[in-house]
Amino acid sequence: MMSQGDQDGENGPITVTKDVEKGVGQSNAAESRGAFLKTIRRTLADLISAGPVEERGVMPVALEDRTATNYFSYFWIWASMNINLLPITFGLLGPSYGLGLRDCSLVILFFCLLTAAIPAYLGTLGPKTGLRQMIQARFSFGRYLVSVPVILNLATLTGFCVIICVIGGQCLSAVAGGSLTPAVGIVIMGILALLISFCGYEVLHQYERFAWIPALIAIIIATGCGGSGLSHQAPVEPATAGGILSFGMIIASYMIPYACLASDFTTYLNPKFSSVRLFLYGYVGLVVPSALLMVLGAAIGGAITSIPEWQESYDETQVGGVLAAMLSRAGGFGKFVVVVLSLTLLGNIAATMYSITLNFQILIPQLVVVPRYMFSIVVTAIVIPVSVRAAVEFFASLENFIALIGYWSAAFVAVLIVEHNVFRGGRYDTYDHDSWNVASRLPLGVAALAASALSFALVIPSMSQVWFEGPIAEKAGDIGFEMAFVVTAVLYFPFRFLEKRFTGR
């Protein structure tokens, strides 16, 4: 009888040989997989480098890199962002404040002319400074406290993306007659927007140059098909000051948040170009399409209750439904136009998602090493599920969202405008590229944050929302964004003066 050791000795070589062969096979397989993954990564990197994908994130654009001369693209990018269903949707809210078409039109025109000047102006700082909008904000809010407006801006921009995805998804669902749910339509919109925002600045500008053309044609066709119904406006009571100012807040909440991303679209432009002309390009691109389409939205909103077919479709899929009803007389072609109308929203959501990708890097500076385009995927993964949930009660979600964005953004832009024109004397060379990421060379940000926060002592009593109405708003209507802008600007003067005196920066 052999001992256990002898048995082990006899069987050992066979077992070891098998284990070695197995280990070598696994090692070779692992090496093969690793080599394959490296090849894939290298191929993707080469494609991105050779293609139109923008890799630069929030880093300042040096003077020698600011060579773009397509200045009129500043008009096209705003025009394309607004020649779509988004301003029509905001205009639809007008009749809910007890306003007739004439009163809605006057409110829309006045508040668009007033508030569009802010994003158009801040966009002119991009070519002169080479800084993204929220990087400019560091020169007033500081290296760390700028995280507060950045978080609010991320929430605002993401909210707009959600609104757009919901509207687009509803349009696609309305065309499909129920065979395609709004949730599936939302996924389609999110993925298409990802493709554009992934590529970045150059592709975005090229897309916006032409995206407005089919959008405008589709809107004209929809208006022509349903135009006869727009004259059936529901009767309304005389307008009240509260209704006028509350709807004015809606318009301001649509327009002012654009200021938080305006410079993101101009940082590569040659700074030698006239700032006045660049301002006019942006101003016209914002006002003309927004005002006209908001008025159209107000006209549609005022007629919905008077036309049973429109009301029924509106109850089913809201904005998409009423547009499909307006185009129903055109048959299959009308459904095609609704699909085009849904795709017109890509001009807005792609540009908004582009700015979101930059804000991620500003919020967490360590992420500056991560390529900008990777955040497009992250944003899409966030927006799609949130949009599906928001679509359940869309207009309630929309009004609650609007209530949160108009006030803070008005306070934010007041700080930026006063800082640039008063404390920096309008000098662009004071935005030092060597200081943008160095806390000791930037303001503390206490003055900016304190002025913005303390303004809400008067903003809150001036608010008029479904869930809250302050004592000032009860008598005068919603004047919250006006209070936020004026009070913040007034408080920032002494606060910033003291901050500079004690810190020297």
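Guide: Gladly! Ser-435 is buried, with a relative accessible area of 6%; buried means under 20% relative accessible area, exposed over 50% and partly exposed in between, with a 1.4 Å probe and protein chains only. Ser-435 sits in the loop that links helix 18 (394-423) to helix 19 (446-454). Helices (H or I, at least four residues) and strands (E, at least two) are DSSP runs, numbered from the N terminus. Beyond its neighbours within four places in sequence, Ser-435 touches Arg-441 and Leu-442, where a contact means heavy atoms within 4.5 Å.

This is a predicted model, in which local features need pLDDT of at least 70 and side-chain atom pairs count only at pLDDT 80 or more, while totals for chains, interfaces and linings use all residues. Residues are numbered from 1 along each chain as its sequence is written, and side-chain values use heavy atoms, with hydrogens and water left out.

Now for the whole. The protein has 22 helices and two strands, and 53% of its 505 residues count as buried. Among contacts in the protein with a separation of 6 or more, 85% are between residues 24 or more positions apart.

As for confidence, pLDDT is the predictor's confidence in each residue, from 0 to 100. The average for the protein is 84, and 87% of the residues score at least 70. Residues 1-18 have pLDDT below 50, and that stretch has two contacts in the model beyond near neighbours in sequence. Residues 47-51 also stay under 50, with four contacts beyond four places in sequence. Where pLDDT is low, the predicted coordinates should not be read in detail.
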